[in-house]
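Please keep the sequence and the model at hand while reading.

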Amino acid sequence: MNNTLYISVFGLNLNVINEIKSIISKKLSEFFTINWTHIADSKLQVLLINEDFIDLPNITKIKHDDLIILKLKKNELNANEIKQDTLFLPLTNTNHFEDWLEHNVLLRFSNTQQVRTLSQPITDVDYKLSHLQIADTFSQIENHQRLLLVLDNKPIALIDNLSNEFWVKQNIQIMQKSELSLIPADINSVVSFKYSSKSCNLQQGLWQFVWDYVGYETPVFTKHYKLLHWPQPINCVERKSLLKISAFFMEGSSTQYISEQMHLNHNFINRYLFACHSANIIIEIPAMATVFHSQQNAIEASKPLQNFFRSLRKKLGI
C-alpha cells in the first residue's frame with residue numbers, strides 16, 4: 001500500500017492551484033496516496049506557497065526541518081525555472097518542476113520497498129561499498145583477460161576484457177564489512193556465468209554496478225568533463241535525471257552548470273561521475289572545450305577580455 005503524502009498549495013488563484021495539483025498527481029500518485037490538506041495540518045509534509053505570504057506569522061509558526069517548502073512567484077522572464085527554492089510562474093514547461101518533485105519529494109519520502117517496486121529489483125542491499133574499495137579493486141581490471149569480481153570470497157560478476165562483456169549475479173547481499181576483490185577467472189566459472197547470467201556491455205555493466213552499490217560518500221568532482229560512452233541506467237527511479245546529466249556531459253559540461261540547470265545536489269552528480277570514472281567512460285577536458293558553462297565560470301572567463309578592452313579604451317582616450 002502506498003504511503004500517504006500530505007501536501008498543501010496556498011495563496012494562489014484557483015486555476016494555478018488546480019494546475020499545480022494536476023502536475024503533482026501525475027508525478028507522484030503512483031507512489032503515494034496524496035492528501036490535499038491545509039497549512040495548519042500537523043501532518044503537513046510539502047507546502048507550495050505564494051512567495052508573498054512566506055513571512056506571515058501563521059506560516060512562520062508551521063516551519064520545521066522536515067517540512068519541504070517551495071515558494072511560487074510570478075516572473076515571466078524566469079518562467080518555469082527554480083532558483084533558491086522558488087518556482088517562477090507561469091508554468092509553460094513542467095520539466096524543472098517535475099525534476100524538483102522527483103529529487104526533493106519522491107526520493108525523500110519513498111521508502112525502500114516503494115522504490116524497488118518501480119521495476120523488477122536486482123538487489124537487496126542493506127549496506128553499500130565504499131568508493132575506496134571500488135576504486136582500489138577496479139584499478140586492477142585490465143590485469144587479466146577474464147576476471148571474477150568477488151564479494152566476501154563469493155564470485156558475483158564476470159569481467160571479460162576480450163569480448164568487452166560483463167555478467168553479474170542477481171540479489172547481491174552486501175554486509176557491513178564486506179570485502180571486494182578481483183581474481184583471475186577459471187574456465188568453470190566462465191562457463192557458469194555465461195550459462196546462468198545475461199551479459200551486457202562491459203562499460204555499461206561496470207557503471208551500473210558502481211551506481212547501485214557505491215555508498216553515499218564519493219570523491220568530489222569540480223572540473224569539466226565529457227562522456228566517451230553513454231550509460232543506460234536501469235531499475236532506478238533516477239533514470240530520467242541520469243539521462244539528462246548524460247546529455248550534458250556528452251557535449252562537455254562543468255559539474256556546476258549541471259547543478260544550476262537541473263537543481264541537483266552535488267552528491268548526486270559526484271556519484272554519477274564516480275560511476276563513469278570507474279567504468280572508464282569519461283574524461284576531464286579543459287574549460288575552453290566545454291560547451292556548457294556555469295554562469296560564474298562564464299563571468300570569470302570574460303574578465304580578461306573585458307580588462308583588455310578597458311585598457312585599450314584608456315589608451316585611445318575613448
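In the counts by class used here, Ala, Val, Leu, Ile, Met, Phe, Trp, Tyr, Cys and Pro are nonpolar, Asp, Glu, Lys and Arg are charged, and the others, Gly among them, are polar. On that basis, the lining of the second largest pocket comprises 7 nonpolar, 7 polar and 3 charged residues. The model is a predicted one.

**The second largest pocket**

- The second largest pocket holds about 350 Å³ of space.
- Its lining consists of 17 residues, of which Val168, Gln170, Cys200, Gln208 and Ile234 are the closest to the centre.
- Two or more lining residues come from each of β9 (165-168), β11 (199-201) and α7 (202-213).
- The greatest contribution is that of α7, which supplies 6 residues to the lining of this pocket.
- Because domain 2 (124-201) and domain 3 (218-317) both provide lining residues, the second largest pocket lies between them.

**Helix α5**

- In helix α5 (residues 131-138), the buried residues are His131, Ile134, Thr137 and Phe138.
- These residues span an arc of only 140° around the axis and are therefore on the same side of α5.
- The cover over the buried residues of α5 includes β7, β10 (180-184), α7 and α10.

**Helix α6**

- Ser189, Val190 and Phe193 are the buried residues of helix α6 (residues 187-196).
- Viewed down the axis of α6, the buried residues fall within an arc of 100°, so they line one face of the helix.
- The other side of α6 carries the exposed residues Ile187, Asn188, Tyr195 and Ser196.
- Packing against the buried residues of α6 are β7 (146-151), β8 (154-160) and β9.

**Asn270 in helix α10**

- Asn270 belongs to helix α10, which runs over residues 266-278.
- The relative accessible area of Asn270 is 4%; a residue counts as buried under 20%, so Asn270 is buried.
- Leaving aside residues up to four places away in sequence, Asn270 touches Thr218, Pro219, Val220 and Phe221.

**Points to locate in the model**

- For the pocket, begin with the residues closest to its centre, including Cys200 and Gln208.
- For α6, compare the buried residues, among them Phe193, with the exposed residues on the other side, among them Tyr195.
- For α10, view Asn270 together with the residues that Asn270 touches, including Pro219 and Phe221.

Technical notes. Residues numbered from 1 in each chain as written. Predicted model: local features only at pLDDT ≥ 70, side-chain atom pairs only at ≥ 80, totals over all residues. Heavy atoms only, no water. 1 Å grid on protein atoms, 1.4 Å probe; cavity = no way out; pocket = protein on both sides within 12 Å on 5 of 7 lines; lining within 4 Å. Points joined across faces, edges and corners; volume = space filled by probe spheres on them. Helix = DSSP H or I, 4+ residues; strand = E, 2+ residues; numbered from the N terminus. Domains from an automatic or database assignment. Buried < 20%, exposed > 50% of the residue type's maximum accessible area, 1.4 Å probe, protein only. Contact = heavy atoms within 4.5 Å. Arc of directions from axis to C-beta.
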